[in-house]
Amino acid sequence: VEWGADYSSSGTQAAGDTVGVINGRAVSHREFSERLKAAGARRTQTGQEVDAGEMVRQAWDDLVKYEVVRQEIDRLGIQVSDSELAHYARLNPPADIQALELFQTDGEFDVAKYNQFITNPVAITDPVGRNIVRYIEQTLQQQLLINRLQRLVM
């Protein structure tokens with residue numbers, strides 16, 4: 001995997017090639033490459049050195065953890081309703097969303113700006129706004145599902 005890893009998005013990929021299997025689910029080259037690109041971008045943004053081998057191992061480990069947890073959530077039938085998600089989104093935006101300049105006033109997270117954004121129907125008509133809302137929903141849904149699984153295990 002390390003030899004073929006393309007975290008810089010400079011190479012070519014053959015869609016549909018399986019790079020591994022996690023608990024019975026095949027992981028395509030495309031899916032794994034997307035995770036590597038995201039990991040590379042995060043490390044570049046934070047100024048961390050990019051060790052390709054370590055990044056490949058970390059991306060694979062993260063994918064394994066995610067997949068095993070997702071399968072257990074599915075097996076147990078754990079769900080989050082839309083109203084729960086909306087309530088949680090209003091009260092607990094993800095930390096990386098709070099750090100966006102769009103929601104800052106004098107370098108601090110501004111709850112009023114954030115709430116104005118998420119309650120504004122026009123926000124989702126803009127492609128950037130739609131991506132932000134989609135990210136908030138996906139991130140919070142995953143957090144809520146994992147929290148419920150952890151409570152069940154405890």
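**A buried glutamate**

Glutamate 67 counts as buried, because its relative accessibility is 0%. Buried here means under 20% relative accessible area; exposed means over 50%, and partly exposed lies in between, with a 1.4 Å probe and protein chains only.

A word on the source. This is a predicted model, where local features need pLDDT of at least 70, side-chain atom pairs count only at pLDDT 80 or more, and totals for chains, interfaces and linings use all residues. Residues are numbered from 1 along each chain as its sequence is written, and side-chain values use heavy atoms, leaving out hydrogens and water.

Where does glutamate 67 sit? In helix α2. Helices are DSSP runs of H or I with at least four residues, strands are E runs of at least two, and both are numbered from the N terminus.

What does glutamate 67 touch? Leaving aside residues up to four places away in sequence, Ile22 and Arg25. A contact means heavy atoms within 4.5 Å.

Now helix α2 itself. Its buried residues are Gly53, Met55, Val56, Ala59, Leu63, Glu67 and Ile73. An α-helix has 3.6 residues a turn, so residues three or four places apart point the same way.

Helix α2 covers residues 52–76, which is 25 residues. At 1.5 Å a residue, times one less than the number of residues, the helix should span 36 Å, and its end C-alpha atoms are 36 Å apart, so the two agree. Just after α2, glycine 77 takes a positive phi of about 70°.

Finally, the whole protein. There are six helices and four strands, in the order β-β-α-α-α-α-β-β-α-α. Of the 154 residues, 26% count as buried.
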